[in-house]
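Please read the numbered points below alongside the sequence and the model.

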Amino acid sequence: MNLHGKSLLELRQLLTDKKISEKELNLYFLKRIKKYNPKLNAFITVLENNHSGIPYGAKDIFCTKGIRTTAAAKVLDNFIPPYESTVTRKLQEAGMAALGKTNMDAWAHGASTETSDYGVTKNPWDNGRYPGGSSGGSAAAISAYLVSAAIGTDTGGSIRHPSAWCGVIGLKPTYGRVSRYGVIAMGSSWDCPGPMTLTVEDNAYLLKQIAGQDKYDATSSGSAVPDYSNEIKKNKKFKIGIAESYFDGIDDQIKNQVYKAIKVLKKLGHSVKPIKLLPPKYSISVYTILQRAEVSSNLSRYDGVRYGNDRSFFGQEAKRRIMLGTYTLSYGYYDAYYKNAQKVRTIIIENFKSVFKDVDLIVGPNTPVTALKIGEFDKYPFYGELMDQLNEPASTAGIPDLSIPVGLDSHNLPIGFKIMGNYFDEANILNLAYQFEKETDFFGVIKKGIERYKD
Amino acid sequence: MNKLTKFKPVIGLEIHVELKTKSKMFCQCEADYFGKEPNTNTCPVCLGLPGALPVPNRKAVERTILIGKALDCKINKISKFDRKHYFYPDLPKGYQISQYDEPIAVKGKLSIFNNQYSNQSQNSNSEFDKNFRITRVHLEEDTGKLLHVGSDTLVDFNRSGVPLVEIVTEPDFDNSDDVKVFLEELQTIIRYLGVSDADMEKGTMRIEPNVSLIKLNLLQLKNVKRVPGNPKGSVKLPKYKVEVKNINSFRFVKDAIDYELERQIALLEKGITPKQETRGYDPDKKITFGQRSKEEAHDYRYFPEPDIPPMTFSEKFIAEIKVPELPQERLDRYINKFGLREQDAFVITRSLQTTNYFETIITDKVVQEFKAKKKISNLEDHVAKIIINKKLSTDLQVRAFIKKTLEMLQPKETDEKLLNALIDRLIEASSKAVEDYKKGKENAIMYLVGQVMREMKGKADAKIIISKLKAQISNPQLKSKN
C-alpha cells in the first residue's frame, strides 16, 4: 500500500480498517528516517525498536519515561526521565507512540536549531537553510514526511516559526490550554505545547487529544475542551482584523502572498477590517526581559550536582540568556526591567482583549523573511527575536496563534500566514484554516514539500 | 549588666515550623519523612526534575492562614509564591519556592504574660505584659538534607518539599529571657493548632535569632525602657545583624543569644562593628562560630513563581478557618470557671496532651454526675491537683483514671459516735494545745485535727472535725455531760 504523504488521520483509518498493521506503519517511517535523517538531522533519538502505536515525532523537550530526553543540550546528554510528560502520556492513551525525539535549539533557545548541541537540522526545502526553530526538528520531520505529525513547544514562536519556514501547519494554543507537565521549562509563563501537522483536521484532532486541565500543572486551564474536529467543519463567517503594524519591514514577497491569502478569505465571505494593535516591537522587549529572567531561574537546577554533566556543558546562547536574566532580576534592576516588563505585558493583554471585542480573528504574516541560509544566524544580534517579532505578541498575551503555508517565494521557500484568536478560541482559528485549506489546499505547498522526499 | 546600659540588644527571630500535612507542599509524596530510607520519599516534583511542576497543597495554605490568625495577623486576600534563588546541594531546583512581597499573613503580635517567666502567680488578673510584633507568616518548601559520611557528603531528598511555615518577628526583643518565653508560648500555640509537632530536636521547629546591638547616646538612654510593640519607642536599628543557625533547643537559643551579645559587645567596645554574617552554634562549647557572610535579600533574585497562579482568598474562606481555644484563653477559663490557681492552670495548659487529658476527665459524664451528686463544686481543681502532683499518672487509660479519681474524691463517711468520744478524750489529754487555741493560736487546732485524723485512720472529714473541735473547746459545760 502506498502510504506516502498520508495524513495522520488517514493512517489511523487504515489501521482501524486493518489495511495495515502498526508494525508495518512504524517500519515504513523508520525506513524513511533511516534514508533521510542522516541528511536532515531532524531527530536526536530514533526509537528503532518501537513498532507499535501510531508513530509521531516528539520534540526532545518532552520527558519520556525510560527514553533519553536532552532538550538538545549536552548538559542532559545522559538524562533518562523516570516519568512521562502529560502530553506524551495523553498521546499514548490515544494509541500513539513517539517514533523519535526531534531536534531543536538547545533548551529551545533560538529560531534556527543552530544552537542544538546535536547539530543543526536542515530545512527539507533547501538543505543549506535553517528549518527555523526552536521546534525545527519537528517541522522538518513532517515536511519531509519522516512522520505524519509531531508535537512541539512554543515559547515565543517555536512552533509557528519553523512551521512557516518548513511549510507545515503549527498551532500555539492558548497558554494553559495544554499541560506543561514534563516539558523541560524554558519560559514558564510562555511555554505552550502544540501540534504540528500536514492537515488542519490532523491539527484539530491532536489538539483535542492533548488539551485540558492537568492536576500536575497549576497553570493549566479548566475551560472546557471543544471537539475541534467537529468545530472546524461548521460553516462560519468571521470578522477578521488586519493590523498594519504587522506588515512593517516584512519581505515584499511574503506581503504579497499574505494579501493574496486575505483575498481568498474575503472571497469565502469573511469580512476584513483594519485594526489597531500595538507594534510588535513592544512585545519583543517584554519577551526578551521576562523570558530571560525565567530561563535564568529554570536553568539553575543544572548546577553540576545531578544529571552528570556540569555547567561547562552549557552552550553560548544558554549562557547569554542566563546572564541577561540574572542581571534583570538583580537588585536595583528588578523594578526597571522585570516589573516594567510585567506592566507592559498587561497593556499588551488589554490591547488584544479590546481588539477582540471588534473582530473574531486577526491575520497577517508569520515571519519577516523566509528561511535563512545556515550560518546567517550570526549576522543578527537577537536573531530569534527578530525572526519571531510577529509571533511574540501572541505569546506575550497568551492567545492562540496558528501558522499555515500560503505559498512559496522566488527561492521556492514556504511562506507562513498567521491566524490569531481570542483566549481559548482555537476552534475558530482552526475553522478558518480549514476553510482556507478546502479552498486552496495551501496552494499545494505541503504536497510539494513531501513529494521532494520519495519513498 | 552595666555594659548593656551603653549598648542595647536588638533581637529578632525567624522561626520555621514544618507543617504536619498528609502530602508535601507541591507534590503527592508524604510529608512525614521520618525514619524512611534516604531518597525513597521522592518524586519528579520534589526532586526538581526537568519538566516537573509544583501544585500547591491547599491544606498547607489553610494551616498557614490558621497560624496567621492565631498570631493576630492580617490575612492577605491576595497572596503569591516567589522563587528564591541560591545554590546549595540540598536545593534541587536552584531556587526555593517561598513567598516574598505578598506573604499569606502580616502584621500580627504575640502577647506574653508576666507570670510565664517564673511560673509564680504574681498578678492573677490576666493582663498582658509584653507584646512582640509578628512581621509576617509565610509558606515555603523545606529543602533536602545533607549527610556527611566520612569525607563524602550525601544528599537525602526525603524532606525536600515538606511544607514549611516561616514566622518572622520584628526586632522587638532586648534580652534572651523574653525570647525563650516567647518561643515556649509560640510552640504551645502551634501545638494547640494541631498543625505541627513543633519539635526542636526533630527539627520540625527551628529558630534563627538575629542578634545585634545599638550604641545608645545619652538622650536614648533616657528612653531605653521602650514598650515592646510600640514602633515609636523603637531605637534606630544597627547597621549589621548576625544570624545564628543550627540551634536545636530553646535553652541553646538563649545561650547562643547571650554568647553573641557578649561577643559583639567586646567588639563594639573596641570600636569594631561586628561583621554581618551567619554563625553556627556549638552547644558543647556554648559558643557561636562564623559560617558564611549573609546574603542580602536582593541577592536571592526573587521573582513571582510563574508555575503557580496567585492565590485569592475570599472573606468567607478566611472566616471558615477557625482558631481553636489557645493556651492563654484556656488558662483564663481554668482560673475563672474552675477556680484553679494560676500556676496550676499554667502547668496544665502548657502541654496539649495534659490539658486535653484534663478536659476529657472533667467533661466525662460519670465525673459530671459525681460532681453534681456529691456537690463537689471544686472538683476540677481536685483533678488538676491530682494531675499536677502526679497522684495519678496521665498515662492511665481515661476510665481507670476516672475510677481512681472518684475513689479519692469520695467524701469521707464519719463514725459520729467514735469521733465525739475521741474528741472529748483528746481535748482532755491535750490541755496545752487547747489553751494555745483559746489564746488565739489558730494553728493549734490543726495539731488536734491531725491527732484525730490519725486515730480515725483518715476516715473522717477534716471540716467536720474542725467544727466539732471548735464547738467542744468553746463549750466546756457540755463536756462532762457527754
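**Notes on the predicted model**

1. In chain B, the domain assignment, an automatic or database one, gives domain 1 (2-317), domain 2 (327-409) and domain 3 (416-481). The centres of domain 2 and domain 3 of chain B, taken over C-alpha atoms, are separated by 33 Å.

2. This is a predicted model, in which local features need pLDDT of at least 70, side-chain atom pairs count only at pLDDT 80 or more, and totals for chains, interfaces and linings use all residues; side-chain values use heavy atoms, with hydrogens and water left out. Residues are numbered from 1 along each chain as its sequence is written, while chains are lettered from A and ligands numbered from 1 in the order in which they are written.

3. Chain A holds an open sheet of eleven strands with mixed pairing, in the order β1-β3-β2-β4-β6-β5-β10-β11-β9-β7-β8. Because β1 (43-46) and β8 (271-275) of chain A stand at the edges with a single partner strand each, one side of each is left without a neighbour in the sheet. The twist from one strand to the next averages 30°. Strands (E, at least two residues) and helices (H or I, at least four) are DSSP runs numbered from the N terminus, and two strands pair if DSSP finds at least two bridges between them.

4. Within this sheet, β5 (residues 169-172) and β10 (residues 401-408) of chain A pair in the antiparallel sense over three bridges. A:Leu171 stands opposite A:Leu402 in β10(A).

5. UniProt, in an unreviewed entry, places the feature "active site" at A:Lys59, A:Ser134 and A:Ser158; such annotations may be inferred rather than shown by experiment, and the positions are given in the numbering used here, with feature names shortened. These residues span 100 residues in sequence, yet no two of their C-alpha atoms are more than 10.9 Å apart, so they gather at one spot. A:Lys59 lies in strand β2 of chain A. A:Ser134 is found in the loop between β3 (96-102) and α4 (136-143) of chain A, and a cis peptide bond with omega of about 10° joins A:Gly133 to A:Ser134.

6. A:Asp77 occupies the loop between β2 (54-59) and α3 (86-93) of chain A. The side chains of A:Asp77 and A:Arg68 are joined by a polar contact of 3.0 Å (a pair of N or O atoms within 3.5 Å; within protein, one must be able to donate a hydrogen and the other to accept it, and residues adjacent in sequence count only if both atoms are side-chain atoms).

7. B:Asn246 has a positive phi of about 60° although it is not a glycine. B:Asn246 sits in the loop between β12 (242-245) and α4 (250-269) of chain B.

Notes. Axes fitted to C-alpha atoms, helices over the stretch in contact; angles between N-to-C directions.
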